[in-house]
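This note sets out points for a colleague to follow alongside the coordinates.

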Amino acid sequence: MNRREAAHCAALTAAAIDGDFVGACRLYDGILQEEPRDALALWVAQTMDYYLGNPQALRERSARALRHWPACVPGHHAVLSMHAFGLEECGDYATAEAVALRALEIEPGDVRAEHALLHVLEMQGRAVEGLRRAATHSVNHLWWHRALFHLQLDSPGQALEVYDRRMRLDGLPELIDASALLWRLRLAGIEVGERFRALAARWSQHAEDAYCAFNDLHAMMAFAGAQRWDWAHRLLAAQERRLARASGANHDMTRLVGYPACRALAAFGRGDFRRAEMLLRSLPPVAHRIGGSHAQRDVLTLTRAAAALRRSQLPQGDLHASFVPQGLAAA
């Protein structure tokens, strides 16, 4: 191997074997310093920072890459789409929208640019526009965004229809989307029938993974929604075993956010709304440490709001209108 190939192997070892996403990012950034157009190093580093919930790094790394990746070089649109997502996660919505639209001008089929644009529309509450854009795509995650726009427009029945017609349960990304949508529908007071049971059964093989706290959180949504406390207990026990090994990025993810959040979801599922609200109360300052996007992590705020409302014994019909439409992004 040459020097750059050896650095790639070292970064893979840090991430996949040691679970050291921060160390892996440092190694990938070293590669990019020497070769700014190393597309693999750029993509994997951006993925690691997404897992780490580090939007500033997403924005700055892609900005550095763009300085060395002019429009005449193939792949320019892909770097623009990465930069648009980083800008959106840093709250610079106007610039993110402009950059995403530029990427789509160059390559209309750039799904990552479309995804970044949907995040902008979602966080700004532009649900009608979001529905128009999301209607043209068949990607599972973009259909998930479409369902969230329906929730923003207080049309949970249409969101449930998206789940039934479009949500696939083929792998972890699809299971995450399905859990996130069903849980939000439950928070909105919508009856989802046996759907949680089928989803929980698909998650059960991952109950003891304890590899990624973000995944654990979505597995717990399915287990709590289905009232499968056997699987929920296995998940929490696996997290406790993970906490006993103080190494890797997922240790802090689990300690700071994943474990208390999963306990909160389990408490919510059992009807212990006071405990759920108490566990979620301290998470906002550190919620980003579980990874994902601001839109995905909003579920913690939504769950806390729903727990508080249930504690105050509001009529069931008032729940959705009280906390979903305008003040918070439905995602």
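1. Helix α1 spans residues 3-17 and contains 15 residues; helices are DSSP runs of H or I of at least four residues, numbered from the N terminus. From first to last C-alpha, α1 reaches 21 Å, close to the 21 Å expected at 1.5 Å a residue, the expected span being 1.5 Å times one less than the number of residues.

2. The model is predicted: local features need pLDDT of at least 70 and side-chain atom pairs pLDDT 80 or more, whereas totals for chains, interfaces and linings use all residues. Residues are numbered from 1 along each chain as its sequence is written, and side-chain values use heavy atoms, without hydrogens and water.

3. H8, A11, A14 and A15 of α1 are buried (under 20% relative accessible area; exposed is over 50% and partly exposed in between, with a 1.4 Å probe and protein chains only). The buried residues fall within an arc of 125 degrees seen down the axis, so they line one face of α1; the arc is taken from the directions from the helix axis to the C-beta atoms. On the other side, A16 and I17 are exposed.

4. Just after α1, G19 adopts a positive phi of about 65 degrees.

5. Aromatic rings of Phe, Tyr and Trp (its six-membered ring) pair if their centres lie within 6.5 Å; planes under 30 degrees apart are stacked, over 60 edge-to-face and the rest tilted. The whole structure holds seven such pairs. In one of them, F223 and W231 have ring centres 5.8 Å apart and planes at 50 degrees, so the pair is tilted. Both F223 and W231 are buried.

Conventions:
Helix = DSSP H or I, 4+ residues; strand = E, 2+ residues; numbered from the N terminus.
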